[in-house]
Amino acid sequence: ELREKAIRDENAALQYARKDGYKNGVEQGKDMGKNERNIEIAKNMLKENIDKEVISKVTGLRIEEIEKLIDNG
């Protein structure tokens, strides 16, 4: 009886961890997609010679990240 309950509890914990891990993975994927999109926007703004500070405000990227885009062309 006690062993069976422990197995059920363990299975429930594993199912919860999988669901939680899936949700975290989805959120991370969304964040990565947003960041990639912001980088593309920043690159386009740089092509238009828009100031780094403005690009940072619009995209949320740090100035250092934008400068790397300039250095890496």
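The structure holds 4 salt bridges, a salt bridge being a side-chain nitrogen of Lys or Arg within 4 Å of a carboxyl oxygen of Asp or Glu. This is a predicted model, in which local features need pLDDT of at least 70 and side-chain atom pairs count only at pLDDT 80 or more, while totals for chains, interfaces and linings use all residues. Residues are numbered from 1 along each chain as its sequence is written, and side-chain values use heavy atoms, with hydrogens and water left out.

**Salt bridges**

| Pair | N to O distance |
|---|---|
| Lys-30 and Glu-27 | 3.9 Å |
| Glu-40 and Lys-43 | 3.7 Å |
| Arg-62 and Glu-64 | 3.6 Å |

Lys-30 and Glu-27 both belong to helix H1, which covers residues 2-47, and they stand 3 residues apart, about one turn of the helix. Helices (H or I, at least four residues) and strands (E, at least two) are DSSP runs, numbered from the N terminus. Glu-40 and Lys-43 are also both in H1, 3 residues apart, again about one turn of the helix.

How accessible are these side chains? The terms are set by relative accessible area: buried means under 20%, exposed over 50%, and partly exposed in between (1.4 Å probe, protein chains only). Lys-30 counts as partly exposed because its relative accessibility is 47%, and Glu-27 counts as partly exposed at 43%. Glu-64, the partner of Arg-62, is partly exposed at 46% relative accessibility.

**Packing of H1 and H2**

H1 packs with helix H2 (residues 52-59) at an angle of about 155°, and their axes are 10 Å apart. Axes are lines fitted to C-alpha atoms, for helices over the stretch in contact, and angles run from 0 to 180 degrees between N-to-C directions.

Which residues of H1 and H2 meet? With contact meaning heavy atoms within 4.5 Å, Asn-38, Ile-41, Ala-42, Met-45 and Leu-46 of H1 meet Val-54, Ile-55, Val-58 and Thr-59 of H2. The residues of this contact divide into 7 nonpolar, 2 polar and no charged. Here Ala, Val, Leu, Ile, Met, Phe, Trp, Tyr, Cys and Pro count as nonpolar, Asp, Glu, Lys and Arg as charged, and the others, Gly among them, as polar.
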